[in-house]
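Subject: Structure handover

Hi,

Here is the structure I promised to pass on. Please open it first, then read the notes below.

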Amino acid sequence: MSEKITAENLIESLVDTFVEKKKSVSFFQGEKSDSVSSQINRLFGREKPVHHILGGGKSADVLLWRNKKISASVLTSATVVWVLFEWLNYHFLTLLCFALVVVMLAQFVFSNASGFFNRAPSDVPRLVVPEELFVNIATAVGGEVNRGLRFLQDVACGANLKQFLIVVGALFAGAVIGGWCNFISVIYIGFVAAHTLPIFYEKYEDEVDNFANKVFGQMQHHYRNLDASVLSKIPKGKGKKHE
């Protein structure tokens with residue numbers, strides 16, 4: 001009996017020792033992973049979650065595929081519109097006229113169906129677009145356009161040569177991309193990127209941040225060489241301060 005108790009105690013002590021070692025190893029590995037993740041510089045100095053940066057509302061849920069059915073339906077609808085205009089060469093006026101014809105036929109059948117079935121005439125549903133919708137769209141678009149124009153004029157009138165060259169390079173890249181494809185394709189590419197890049201970054205943010213930091217480091221190194229050899233020798237103008 002004593003030998004049995006001794007063997008059981010020995011097995012229990014071995015199991016306890018193994019569990020304690022496993023817990024200690026996982027604890028140190030967790031600390032190491034936390035320290036490594038804390039050392040990673042987030043993209044553009046990001047400190048908040050991606051969902052919060054995208055607004056934290058329903059639009060962020062759609063972009064991050066929180067509801068896969070809604071996100072898939074939105075992306076599918078944009079793809080159908082792009083296929084109609086780009087591949088099938090439909091025009092906006094053609095689709096608008098076809099849509100109005102379909103609506104009018106539906107209302108005509110609905111309004112005259114009561115006479116065929118000897119029923120009392122029923123009210124035909126009317127489509128009414130609220131005026132506030134157009135006002136809100138015009139206000140939002142106008143505000144964004146004015147903000148973009150102010151930014152471009154501030155960059156052009158300022159003395160920050162680096163920012164000026166970056167903006168000019170971005171506009172030149174946009175002009176080149178616009179030469180490759182039309183405006184609808186550019187909008188569709190941006191729409192698809194908005195529905196794929198955020199979710200990709202959220203899943204692989206550590207890998208993306210490491211790669212982006214390496215790329216930015218190389219760019220800063222080349223810019224410092226360019227600044228030391230060329231840009232520093234260009235006389236800087238005095239930018240006007242706007243109140």
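A salt bridge here is a side-chain nitrogen of Lys or Arg within 4 Å of a carboxyl oxygen of Asp or Glu. By that rule, the whole structure holds 2 salt bridges. Please keep in mind that this is a predicted model.

**Salt bridges**

One of the two joins Glu 202 to Arg 66. Their closest N and O atoms are 2.9 Å apart. Glu 202 sits in helix 8 (residues 183-203) and Arg 66 in the loop between helix 3 and helix 4, so the pair ties together parts that are 136 residues apart in sequence. Glu 202 is partly exposed, at 26% relative accessible area. Arg 66 is also partly exposed, at 43%.

Glu 144 and Arg 147 form a salt bridge too, with the closest N and O atoms 2.6 Å apart. Both residues belong to helix 6 (residues 131-157). They are 3 residues apart there, which means a separation of about one helical turn. Glu 144 is partly exposed, with a relative accessibility of 45%.

**Aromatic residues**

There are 3 aromatic pairs. In one of them, the ring centres of Trp 82 and Trp 87 lie 5.6 Å apart. Their planes meet at 55°, so this pair is tilted. Is Trp 82 buried or exposed? Trp 82 is buried, because its relative accessibility is 17% and the cut-off for buried is under 20%. Trp 87 is exposed, at 62%.

Trp 82 also pairs with Tyr 188. Here the ring centres are 4.7 Å apart and the planes are at 5°, so the pair is stacked. This pair links distant parts of the chain. Trp 82 is in helix 4 and Tyr 188 in helix 8, 106 residues apart. Tyr 188 is buried, with a relative accessible area of 17%. Trp 82, Trp 87 and Tyr 188 form one aromatic cluster.

**The largest pocket**

The largest pocket has a volume of about 250 Å³. Which elements give two or more residues to its lining? They are helix 7 (161-180) and helix 9 (205-229). Helix 9 supplies the largest share, 5 residues. Among the lining residues are Lys 162, Ile 166, Phe 216 and Tyr 223. Met 219, Gln 220 and His 222 line the pocket as well. By type, the lining divides into 4 nonpolar, 2 polar and 1 charged.

**Cysteines**

How many disulfides does the structure hold? The count is 0. A disulfide is a covalent bond between the sulfur atoms of two cysteines. Cys 97 is partly exposed, with a relative accessible area of 39%. Cys 157 is partly exposed, at 41%.

**Backbone: two residues to look at**

Trp 65 has a phi near 55°, a positive value in a residue other than glycine. Trp 65 lies in the loop between helix 3 (58-63) and helix 4 (68-87). Arg 66, from the salt bridge with Glu 202, is in the loop between helix 3 and helix 4 as well. Trp 65 is partly exposed, with a relative accessible area of 24%.

Asn 89 is not a glycine either, yet its phi is positive, at about 60°. Asn 89 lies in the loop between helix 4 and helix 5 (92-116). Asn 89 is exposed, because its relative accessible area is 54% and exposed means over 50%.

Best wishes

How values were computed. Residues are numbered from 1 along each chain as its sequence is written. This is a predicted model: local features need pLDDT of at least 70, side-chain atom pairs count only at pLDDT 80 or more; totals for chains, interfaces and linings use all residues. Side-chain values use heavy atoms; hydrogens and water are left out. Helices (H or I, at least four residues) and strands (E, at least two) are DSSP runs, numbered from the N terminus. Buried means under 20% relative accessible area, exposed over 50%, partly exposed in between (1.4 Å probe, protein chains only). A disulfide is a pair of cysteine sulfur atoms within 2.5 Å. On a 1 Å grid over the protein atoms alone, a cavity is a set of points where a 1.4 Å probe fits but cannot get out, and a pocket is an open set with protein on both sides within 12 Å along at least five of seven lines; lining residues have an atom within 4 Å of a point. Grid points are joined across faces, edges and corners, and a volume is the space filled by probe spheres set on the points. Ala, Val, Leu, Ile, Met, Phe, Trp, Tyr, Cys and Pro count as nonpolar, Asp, Glu, Lys and Arg as charged, and the others, Gly among them, as polar. Rings of Phe, Tyr and Trp (its six-membered ring) pair if their centres lie within 6.5 Å; planes under 30 degrees apart count as stacked, over 60 as edge-to-face and the rest as tilted.
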